[in-house]
Amino acid sequence: MAAELRSLRGSVPKGWLSPSDTYRRRGPPAMEYPRVVPNSDGAGVVDQVGPGVSRHWFGKRVWLYNGQRNGRWMGTAAEYIALSVDLVTELPDHVSFAEGATLGVPAMTAHRAVFVAGPVQGKTLLVTGGAGAVGHYAVQLATWAGARVIATVSSAEKAERARAGGAAHVINYRQEDVAARVLDITGGVGVDHIAEVDFGGNLAAALQCLRVNGSMMIYATNGDREPKVPVRELMQKNLAVYAMSLAGVPHVDRRRAQSDIAAWAASPGRILSVAGRFPLFETAGAHKAVERGGKVGTIIVEPQR
C-alpha cells in the first residue's frame, strides 16, 4: 500500500474552524455526502495506527490539516478522526492543542504563498492581509526565513499584530496608498515577491509594487473573482504569477511545508492566536462567529471531556 494511503486515528481535543470551512458548508458546490462532519484542521493525540504505519506515531501529540477535504466526509468537529499519516505532523510539547489547531490549512497555505518562488532570505516580501489567518503566518514564516516583510492591514489593532509577527513595515490600506508606500520603503525598486490574499482587488497596486523579475502567489481573490489581467504589464516586468489550491500542491512541497512549520513552531517567539473557544455541541455558533468576521485570531471547537 502506498505510504500516502496509510492511515491512523486520533482523538481531537481541539479543532480549528477556518473561513473555508464555512464556505464549504454553505456551498456552492454542494457537500459531497448526505452527512458531513465539518472542519478541516485540528490537534490531538494519535490513539490507533493503520497497517504499515510506524508505531512511532502511537501516543504522539500532533496537528493535522485537510480533515474534511478531498473526498473525506469526516472532519475535526468530532472527538475522533481517521486520516492519512501524510496529513499529520508532530506537535512540540510546549505548544498547546488549541495553538496547534490553528496551524493546518492556514500555515500550509502561508508556507506555499511565501516560498513558492524559492528561498526568501535577504529578499523583501509584501504580505497583504498581514493580520489574517494565512497572512499572519506568512509574515512570521517569511521573517523566520530571513526576509524583510512589508504587511498591509486594515486597522491599528491589526497593525500591532503584524508587527508582533515580525513585519518590518506595516501599511494601513484604508488610509494609505499601498503602492506609493511600498515604493518609498524599497527606494523605488519594489518587492521581490507578494503573498496575495485578494488578487482581483489588489491587482493594480500589486503590479506597481513588484520589481522587475518579481513574483506573486495568489491564494484568494474575493474582491474580484474574474479580474481582467493586464498581460502586457506582466510581460514588460517579466513577472511570475502563481496560483494555488492546497490539495493540488505537489506532495514533496507539502512535506517540506510540514517540516518547516514544525521547525518554526518549535522556535521561540511564534504567535499562534486563539480568538475564541466553543464546545463541540456549539459548532454552529462557532461557524456564525467566523462568518461575522472582525476577530483577531482563530476560533477553536473543542470536545467536552
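**What does Tryptophan 264 touch, leaving out residues up to four places away in sequence?** Its contacts (heavy atoms within 4.5 Å) are Leu103, Tyr137, Gln140, Leu141, Trp144, Arg270, Ile271 and Leu272. This is a predicted model, where local features need pLDDT of at least 70 and side-chain atom pairs count only at pLDDT 80 or more, while totals for chains, interfaces and linings use all residues. Residues are numbered from 1 along each chain as its sequence is written, and side-chain values use heavy atoms, with hydrogens and water left out.

**The largest nonpolar core, 59 residues in all.** Such a core is a set of buried Ala, Val, Leu, Ile, Met, Phe, Trp, Tyr and Cys residues joined through side-chain atoms within 4.5 Å; buried means under 20% relative accessible area with a 1.4 Å probe, protein chains only. Trp57, Trp63, Leu103 and Trp264 have the most contacts inside this core. A second, separate core of 19 residues includes Leu126, Val182, Leu210 and Leu234.

**Helix α3, residues 104-115.** Helices here are DSSP runs of H or I, at least four residues, and strands are E runs of at least two, numbered from the N terminus. From first C-alpha to last, α3 reaches 17 Å, close to the 16 Å expected at 1.5 Å a residue (1.5 Å times one less than the number of residues). Eleven of its twelve residues are buried, among them Met108, His111 and Phe115.

**Helix α7, residues 199-209, and its buried residues.** Phe199, Gly200, Leu203, Ala206, Leu207 and Cys209 are buried. Their cover includes β6, α6, β9, β10 and α8.

Terms used. Buried < 20%, exposed > 50% of the residue type's maximum accessible area, 1.4 Å probe, protein only.
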